[in-house]
Amino acid sequence: MGVPPWMAEPGRAIERWLEAERDQLITWLPVGLGGGIALWFVLPDPVAWGTAILVLAAGGLAGLAAGRGGRAARMLAIGAIAAALGIGLIWVRSDRVAAPVLAGPTFVQLSARVETIEPLVARRLVRLTVRPVGPGQDADGAPVALPGRVRINLAEADAPATLAIGATIKLRARLMPPPLPAVPGAYDFARVAWFGAIGATGRGFSPVVVAEPGRGGAGVRVALSRHIVAQLDGSAGGIAAALATGDVGAISDADAEAMRRAGLAHLLSVSGLHITAAVAATMLIVMRLLALSPWLALHTRLPLIAALAGAAAAIGYTVLTGSQVPTIRSCVAALLVLVALAMGREAMTLRLVATGAIAVMLALPESLAGPSFQLSFAAITAIIALHEHPVVRATFTPHDEGRSRRLLRGAASLLLTGLVVEAALMPIAVYHFHKAGLYGAVANIVAIPLTTFVVMPFEALALLLDTIGIGAPAWWLVQHALDALLWLARGVAHAPGAVRALPAVPDGAFALMVVGGVWIALWRTRWRRIGMLPLAIGAIWALTTPSPDILVTGDGRHVAVRTAAGLALLRDRAGDYVRDTLAENGGVDGEPLLLADQPDAQCSRDLCLTDVVARGRAWRVLATRSVYRVPIAEMVAACQRADIVISERELPRSCTPRWLKLDRSVLARTRGIALTLTTGRMVTVLNPGDRHPWRDPPTLARPMRRFGAAGDQHGLAGGGGVGPVSGAGSGVVRAIGRDWVCRVMILRRWGLRLGGPQFRNADDGAWGRWSRTPLPVAWR
């Protein structure tokens, strides 16, 4: 009533469509919930979050009131309410885990109770998660407030043999706050640490003293991983441990990268494949053993008993492997499959996937933003959606045919599944890792059967035989099977064109691809084809996004510039993590170049000058590459002739480039920066108004210490300091006078920031006092 005729017919068409899709409507419930969680990450502050909840709730209630029995209105209303619930879930979760973080880098002596132990065998490290017991102490014995949970890396040689979960240890450590992404698009450890209630991370040093022993050793997971690694050579032991416990610390970096490039990294994450194998093996063994008793076979439902044993195996395996997101999802799915089989219902459906997704998001809503959740659910959704298609089901359903044709049909099914899964996972891999594998579907045709039917059964047999000391023959077979898997991964990874590197994908492009993929996967009628439109738009947007011309890390120390020969780094001694991060986010597959080696760059020990050609002009870029300062007159002249000036320290006010100055004061507000000169676009890690808690977390108070009175004669009173400074330090500073090199060493030792307020002078000529080398004449 009251609806114009031109609106009535489309409304009836939509209702007829939703009636035909009524069995699929429930699968959109986790989409609404996840959409709300994603919206919380996108919106900037509590005002926007609260407004979104009110708007969605009001829209949902209005839809329920106006629906009058129509599916469309009810679906939109339920979706809006689910999205509002998603925002509330992640908001509450972020507040519940809130804990102060360390204010800045510091050396501290601390006592802590060990929560987890994670051996990183390939890197010869042991990663500990500890809870400090009481405050720490700085070098002078002054108390230092510590966060409630700290992650510390120890060298293997420094870890005591009696180290165990629950033990109380004493050690020295250099701690720092959880770092933000180095550049836009890089890994955001600060977000992960916030939801893990980790307030500091760092490196521990010997001696490490066990003050109180733990009760449970290193834990069953660590003990099992160590046993497996000890039986096998090289990365094969790490892969075997990953298959059994999810611990990937014993896989070398080179082999882990080869597995990723070959599209086989999913084998290292305990998920559906591993849970299914464990449940199937448990059910088969229990059925066979119980069937040996005629009384049990005649008077009990053996399949139900076997299903209960399989459920126990799934839960135990999930707990053993650390309860990661893919494992939880797979465990929930396995339990639902077992319940469906016990009830005589169809087991593998998208409703099962939707139930698993809802369970994970209710418990860990922050996992939606991580690649583990996205890759896991995208893969299983793509597989089920593909095999529910009538044409695929009719083609690959078992037929009455010979063995050769049956094997050929199975191989074709596996290849098609691999291609579809690769297509589903590619946008996620590009968004998070900036790389897309091209041969993963072919590699998985060999790798999945090899892992499922050879490696895992023989590894389980070897562990069983080790209980009586005769597992060596089975381990020999596992070693050779894993060597074959590694040979396959290395061969595929080094094949020409195996990986396509792309720069950071815009959030909008990724969202469009996700919406298109979900639309195609969840609907069943011809309307699913509409999803191709946003999918294509997002893919084109991502592929045509130009690589950034300049990348600057948040501390200003490391700069990557796109030259005629490729991406080049400012500093020769950048660490592996920094080099990999800048290369990946710069859309480079391989090792970046050095700026000082490029013919179109002029570099001294202190500065580099180069031109970047974009938009038909050359942009002159000047960057400092040492802590030493240059004569002020020459520096000012160079700044005036440069378009962009980048420095890790605060530049003088008289340094005025033609377009952009990125010094310490600017980078403190923006952190990492990506500049695309071809489009004039600048992306920063920190954005104005962003109030997500890990962007500006509550920090612990740091002790403010001062130099002694004698030290003040040099203008070095510690009022501007940010670290512990003792009276003894003032005597050293007084003794060395104005020796800049020694001053840098002493002040760095105590954590003072160079070039900060304590060094500022009204006269910019102070820049000339600590000169080491003048600028080349051509730069002036």
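1. Let's start with the disulfide pattern: counting bonded cysteines along the protein chain, the links run 1-2, 3-4. The total comes to two disulfides. Please keep in mind that this is a predicted model. As a reminder, a disulfide is a covalent bond between the sulfur atoms of two cysteines.

2. One link joins Cys603 and Cys608, with 1.8 Å between their sulfur atoms. The torsion about the S-S bond of Cys603 and Cys608 is about 115°, so this disulfide is right-handed. How exposed is each partner? Cys603 has a relative accessible area of 28%, so it counts as partly exposed, whereas Cys608, at 2%, is buried.

3. The other link is between Cys639 and Cys655, whose sulfur atoms lie 2.0 Å apart. This pair connects distant parts of the chain, 16 residues apart: Cys639 belongs to helix H22, and Cys655 sits in the loop between S17 and S18. The link of Cys639 and Cys655 is left-handed, with -80° about the S-S bond. Are these two cysteines buried or exposed? Both Cys639 and Cys655 are buried.

4. Now for the sheet in this part of the chain. Five strands make an open sheet with mixed pairing, in the order S14-S15-S16-S17-S18. Its edges are strand S14 (601-603) and strand S18 (660-662), each of which pairs on one side only. On average, neighbouring strands of the sheet are turned by 15° against each other, direction ignored.

5. Within that sheet, S17 (residues 644-646) and S18 pair in the parallel sense, over three bridges. If you want a place to look, Ile644 stands opposite Leu660 in S18. Helix H22 (residues 632-641) lies across S15 (607-614), S16 (617-624) and S17, and runs at about 150° to S16.

6. Elsewhere, have a look at the largest nonpolar core, which has 34 residues. Trp40, Phe41, Phe195, Met361 and Trp694 have the most contacts inside this core. Several helices supply at least two residues each, including H1 (5-20), H2 (29-42) and H5 (189-195). Helix H13 gives the most, with five residues.

7. Which residues does Phe195 touch, leaving aside its neighbours within four places in sequence? Phe195 is in contact with Trp40, Phe41, Ile90, Arg93, Ser94, Val97, Glu366 and Trp694.

8. There is also a second, separate core, made of 32 residues. Among them are Ala443, Ala462, Trp475 and Leu482.

Notes
Residues numbered from 1 in each chain as written. Predicted model: local features only at pLDDT ≥ 70, side-chain atom pairs only at ≥ 80, totals over all residues. Heavy atoms only, no water. Pairing = 2+ DSSP bridges. Helix = DSSP H or I, 4+ residues; strand = E, 2+ residues; numbered from the N terminus. Axes fitted to C-alpha atoms, helices over the stretch in contact; angles between N-to-C directions. Contact = heavy atoms within 4.5 Å. Core = buried A, V, L, I, M, F, W, Y, C linked by side-chain atoms within 4.5 Å. Buried < 20%, exposed > 50% of the residue type's maximum accessible area, 1.4 Å probe, protein only. Disulfide = S-S within 2.5 Å.
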